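Reader: I'm new to this one, so could you take me through the salt bridges slowly? Which side chains pair up, and where do they sit?

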Amino acid sequence: MVNKVRKACEMFYTDVCDIYVSKPVFEDGRTVVEREKIYSAVPCRVSEKTYLFGENGTSEGDNLSEVSNKVKLFLPPDCEAAEGSEFEVTRRGKVTRYQRSGTMKRFDSHNEVMVVKAKEWA
């Protein structure tokens, strides 16, 4: 039964991602943080939800012009990513970087992780 559900979930994986973790590297008496790729070309799916009046959908106490996005990444169950991992997702030829991943929710058929879109610097 689990294999059928997993195959059904994997039918929706339209994107691929590379997963990175930050590792401290000691050189010349100082610590430098480097990104290390732990997974490459992992099939995935990005789900993005936009809230116009805050997360609760009401304008009470919220800034009316505030728009917030919640991004959830769906991954195969055999993929492990620690909190704080970074993801580079390729969708239709365009690469989007996500950072500050939360705790991964694990299911028999898939894994889910909340991420934040990385800021692009000029």
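Author: Let's start with a term: buried means under 20% relative accessible area, exposed means over 50%, and partly exposed is in between (1.4 Å probe, protein chains only). The model is predicted, so local features need pLDDT of at least 70 and side-chain atom pairs count only at pLDDT 80 or more, while totals for chains, interfaces and linings use all residues. Residues are numbered from 1 along each chain as its sequence is written, and side-chain values use heavy atoms, leaving out hydrogens and water.

A salt bridge here is a side-chain nitrogen of Lys or Arg within 4 Å of a carboxyl oxygen of Asp or Glu. That rule gives ten salt bridges. One of them joins Lys72 and Glu112, at 3.5 Å from N to O. Lys72 sits in strand β3 (residues 68-75) and Glu112 in strand β7 (residues 111-117), so this pair ties together parts 40 residues apart in sequence; strands are DSSP runs (E, at least two residues), numbered from the N terminus. Lys72 is partly exposed at 27%, whereas Glu112 is buried at 13%.

Next comes Glu80 with Arg106, whose closest N and O atoms are 3.0 Å apart. Glu80 is in the loop between β3 and β4 (86-91) and Arg106 is in strand β6 (residues 105-106), so parts 26 residues apart get tied together. Glu80 is partly exposed at 39%, and Arg106 is partly exposed at 48%.

Then there's Arg97 with Glu86, at 3.5 Å between the closest N and O atoms. Arg97 belongs to strand β5 (residues 94-99) and Glu86 to strand β4, eleven residues apart. Arg97 is partly exposed at 27%, but Glu86 is buried at 13%. Through shared partners, salt bridges join Arg35, Glu86, Glu88 and Arg97 into one network.

Terms used. Helix = DSSP H or I, 4+ residues; strand = E, 2+ residues; numbered from the N terminus.
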